[in-house]
Amino acid sequence: MMSDFFTALADPGNTFLRLALAVGLASSIAFGVIGTYVVSRRISYLAGAVSHCVLGGIGAALWLETVCQVKWLDPLAGALIAALIATFIIGHFGHKKGQREETMIGATWAIGMALGIIFIDLTPGYFNLTSYLFGDILLVSNRDLLRILVLDVIILLFASGCYHQILAVCFDEEFARLRGIRVDFYYQALLGLTAVTVVLMVRVVGIVMVIAMLTLPAATAALFARRLFEMMLLAVFFAAMAIVIGLGISYQYSLSSGPVIILVAGLFYFLATACKTRQT
Amino acid sequence: MHSHHSTPAVSIIDLDFSYRDHPVLEKVNLEIPEGELASIVGPNGGGKTTLLKIILGLLEPDRGVIRVFGQPPLKARREIGYLPQYAHLDPLFPVSVLNVVLMGQLGRPGKKLFSGYPARAKEIARAALAEVGLAETAGKSFHQLSGGQRQRVLIARALATEPRLLLLDEPTANIDPRSEENLYETLARLSQKMTVLFVTHDLGIVSQVVRSVICVNRQVVIHPTSQINGTLIKDIYGGDFNLIRHDHRCARNGHQPHQPTV
């Protein structure tokens, strides 16, 4: 059945499909590397809050654009601003002593989402909410691909340039701080990259499911990896496989691409966990 | 190193610390000379870990002065090797033993972006691993080791910082009795090169190893080992403590009566 998908890929008329595949493969680099960080630091819930706040940013941008005639603000810029604000709020206040980080994350999650819906209500005209919530990889453009590639380069430079610092911060933050590593800088930088990844990936799998692509491939990789960089490489591989197979199945059976990709990634994870549990 | 002997390794004057409204340490006065080998004992929640974290500058006292080698903790931090409490880390984290120990060398000059650690850092890390008897595990994964081995790897990481003061929070947690004895021998050997402070529950064994015992139960009292007896221990632990007598040593050639070390 996947052969139909590959035949379709080769068809010169199907540029949208080839573009979707390229975007998917490019995203798997960001998903795998940032996902490794998200999983090993146990901040998937935080990433979830950031992704849901993105809707608030998109809504606000649409409203400002249509009602207030702020022309320079497009939904992507709005999404990015919202994600960075959410990251800052959680990173800054949630990390402080005496604050319950979990409560802060839950509140940001819900408020961001609610603001988004209200802004969309206030904006006249039709708005395709579903494509933002669940993603549509077949709607991506060349510009999306370019943005994701730029993000990949930044992530790879950061991950390879500061590998040992990131390793130390993820393994034992307190000890890293005692050795004079600027832990807060790395924490904020990695959160910032997580936020940007979430924003760009909303196009691919949507707000609701971006958190799954940040966790499932990396969690699958964690079952096999012996080193942090191995976990990153394996996570990229599992993300890419989920995207290629998911896209193929969704094309073949005319299903929504985002959910199928997530299901494949989820299947990998549960199969790998089952294999691992049997061994031990 | 001899030039430092005039300044104490740690000196604390009239220090108070509380979490919110809950006082943890009160009116602490403490002076630990350089080269000391001392254990920190006391009931759970008595403030042992808090005291270590204040020495490290991770916690700020409400009142009082603390100096480490004559400097405020934040400045002296580089001179301190630290073993955190065991439960604090993810034992499944994908990392090699050598890379864990190398974290002790982070923040040293010579480590540049896009490059690994310099050869000298690796030498220091391997020597630290050898010191805790785990030289052959360098290439293994951290999660392949037993709990006791992991604990010793983390002690090697503390040693790889080339400290003048070594702070160990419950180094014997998760360690079997034989390794525990080895560990105390290692600490005694290390104390010839640096000041060693460690938190422990087992007052019986340590009183043979250390030169003084620091009792932490909101207040801090330091006792030379010669003063340790049942009454004192009851005072510290409120009577719930089983004093295990270790009046003899188990040597390879049979049990011998304990010879007090001079």
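In the predicted model, residues 24 or more positions apart account for 74% of the contacts in chain A that have a separation of 6 or more. Chain A comprises 280 residues, of which 55% count as buried. Its secondary structure consists of 13 helices and 0 strands, and the order along the sequence is accordingly written α-α-α-α-α-α-α-α-α-α-α-α-α.

The interface of chain A with chain B was examined next. On the side of chain A, 27 residues are in contact with 38 residues of chain B. The size of an interface is often expressed as the accessible area lost when the parts come together. For chain A and chain B, the area buried between them is about 2,800 Å², with 62% of it on carbon and sulfur atoms. Phe171(A), Leu178(A) and Arg179(A) contribute 30% of the area that chain A buries against chain B, more than any other three residues.

Polar interactions are also found across this interface. The count of residue pairs in polar contact between chain A and chain B is 9, with both residues at pLDDT 80 or more. Four elements of chain A each give two or more residues to the side that touches chain B, namely helix 7 (142-161), helix 8 (163-171), helix 9 (173-178) and helix 12 (228-253). Of the elements of chain A, helix 8 gives the most to this side, with 6 residues. Classified by residue type, the side of chain A that touches chain B contains 12 nonpolar, 7 polar and 8 charged residues. One salt bridge joins the side chains of Arg42(A) and Asp90(B), with an N to O distance of 3.4 Å.

Within helix 8 of chain A lies Ala168(A), which counts as buried at 1% relative accessibility. When neighbours within four places in sequence are left aside, Ala168(A) is in contact with Glu173(A) and Ala176(A) as well as with Met103(B) and Leu106(B). The C-alpha atoms of Ala168(A) and Arg179(A) are separated by 9.8 Å, the two residues being 11 residues apart along the chain.

Aromatic contacts were then considered. A pair of aromatic rings is described by the distance of the centres and the angle of the planes. Over all chains, the count comes to 13 aromatic pairs. In the pair formed by Tyr163(A) and Phe229(A), the ring centres are 6.2 Å apart and the planes stand at 65°, so the arrangement is edge-to-face. Because Tyr163(A) belongs to helix 8 of chain A and Phe229(A) to helix 12 of chain A, this pair ties together parts that are 66 residues apart in sequence. Tyr163(A) is buried, with a relative accessible area of 15%, whereas Phe229(A) is partly exposed at 42%.

Another edge-to-face pair is that of Phe171(A) and Phe93(B), whose ring centres are 5.4 Å apart and whose planes are at 70°. Phe171(A) lies in helix 8 of chain A, while Phe93(B) lies in the loop between strand 5 (80-83) and helix 3 (97-102) of chain B, so this pair joins two chains. Phe171(A) is buried, with a relative accessible area of 6%, and Phe93(B) is likewise buried, with a value of 2%. In chain A, ring pairs also link Phe224(A), Phe237(A), Phe238(A) and Phe268(A) into a cluster.

Notes. Residues are numbered from 1 along each chain as its sequence is written. Chains are lettered from A and ligands numbered from 1 in the order in which they are written. Side-chain values use heavy atoms; hydrogens and water are left out. Contact means heavy atoms within 4.5 Å. Buried area is the accessible area (1.4 Å probe) that two parts lose on being put together, summed over both. A salt bridge is a side-chain nitrogen of Lys or Arg within 4 Å of a carboxyl oxygen of Asp or Glu. A polar contact is a pair of N or O atoms within 3.5 Å; within protein, one must be able to donate a hydrogen and the other to accept it, and residues adjacent in sequence count only if both atoms are side-chain atoms. Ala, Val, Leu, Ile, Met, Phe, Trp, Tyr, Cys and Pro count as nonpolar, Asp, Glu, Lys and Arg as charged, and the others, Gly among them, as polar. Rings of Phe, Tyr and Trp (its six-membered ring) pair if their centres lie within 6.5 Å; planes under 30 degrees apart count as stacked, over 60 as edge-to-face and the rest as tilted. Buried means under 20% relative accessible area, exposed over 50%, partly exposed in between (1.4 Å probe, protein chains only).
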